[in-house]
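Please look through the sequence and the structure before reading on.

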Amino acid sequence: MRDVVYLDQIEQAEALLKPQRIEVLRQLAEPRSCTEVAVELDQTPQRVYYHVKRLLEAGLVRQVAERRVRGIHEGIYQAAGRSYWLSPRLVGRIGLRQTRDRLSLGYLLDLMEDVQADVAALDLTRPDLPSIGMSGDIRVRPEQRKAFLDELQQTLQDLFTRYGGAEGDPFRLAVACYPKGDPNDRTAPTAE
């Protein structure tokens, strides 16, 4: 089972985005037969098999074994991944990319789409892929925002200059900084 299955075909999205199929997929986190899933979901095995068959056709489930039960062959199925990403390209680009204004929300969304596509293109079955993910919250007073962004940009530029040579393994560094909204937090930034 892969950690992430990247869905970039409309047929895959159509197969996945049905509430009953999502429930079947959740049940298939561990290898199970349609009969076992049917008992858990209070459905008939035939109904569950219908959904499993659609998920198989879309590559979201795979048959991992087969056993004989009362003279018939029963398939054992498992979800293809622990999580599923829908490519933003399924909808298609509406409007132009926001490449000029790095402080715009549009630029941030374009950057996240690029990161998502890059990660999906990696061979996620290799356990030795060197990567790092970090996340944290900081608080910046309005009068400090410009200084903070300038310092962040300079720090990143220093890293790009220091490690941006032509030798070594290529890595992409993407940093996102955005206001964290929480309706219960009165200190969260608001639109003006």
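## The sheet

Two strands are said to pair if DSSP finds at least two bridges between them. In this predicted model, β3 and strand β4 (residues 72–79) meet that description, pairing in the antiparallel sense over eight bridges. Among the residues involved, E66 has G75 in β4 as its bridge partner.

The open sheet is formed by three strands in the order β2-β4-β3, and the pairing is antiparallel. Because β2 (32–33) and β3 (61–69) stand at the edges, each with a single partner strand, one side of each is left without a neighbour in the sheet. Helix α4 lies across β3 and β4, and its direction runs at about 135 degrees to β3.

## Helix α4 against α3

Two packed helices are described by the angle between their axes and the distance between the axes. For helix α3 (residues 34–41) and helix α4 (residues 45–57), the axes come within 8 Å and cross at roughly 110 degrees. Angles of 65 to 115 degrees count as roughly perpendicular, and α3 and α4 are therefore roughly perpendicular to each other. Their crossing is right-handed.

On the α3 side the contact is made by C34, T35, V37 and A38, and on the α4 side by P45, V48, Y49 and V52. Sorted by class, this contact of α3 with α4 has seven nonpolar residues and one polar residue, with no charged residues.

## Helix α4 against α2

Helix α2 (residues 19–27) also packs with α4, at an angle of about 85 degrees and with the axes 10 Å apart, which makes α2 roughly perpendicular to α4.

Here Q20, R21, V24 and L25 in α2 meet R47, V48, Y50, H51, V52, R54 and L55 in α4. By class, the contact of α2 with α4 has six nonpolar, two polar and three charged residues.

## Helix α2 against α3

The remaining helix pair to describe is α2 with α3, whose axes come within 10 Å and cross at roughly 115 degrees. The crossing, in which α2 passes α3, is right-handed.

The residues in contact are E23, V24 and Q27 of α2 together with V37, E40 and L41 of α3, and by class they comprise three nonpolar, one polar and two charged residues.

Definitions and conventions:
Residues are numbered from 1 along each chain as its sequence is written. This is a predicted model: local features need pLDDT of at least 70, side-chain atom pairs count only at pLDDT 80 or more; totals for chains, interfaces and linings use all residues. Side-chain values use heavy atoms; hydrogens and water are left out. Axes are lines fitted to C-alpha atoms, for helices over the stretch in contact, and angles run from 0 to 180 degrees between N-to-C directions. Helices (H or I, at least four residues) and strands (E, at least two) are DSSP runs, numbered from the N terminus. Angles under 35 degrees count as roughly parallel, over 145 as roughly antiparallel, 65 to 115 as roughly perpendicular and the rest as oblique. A crossing is left-handed if the near helix is turned anticlockwise from the far one by less than a right angle, and right-handed if clockwise. Contact means heavy atoms within 4.5 Å. Ala, Val, Leu, Ile, Met, Phe, Trp, Tyr, Cys and Pro count as nonpolar, Asp, Glu, Lys and Arg as charged, and the others, Gly among them, as polar.
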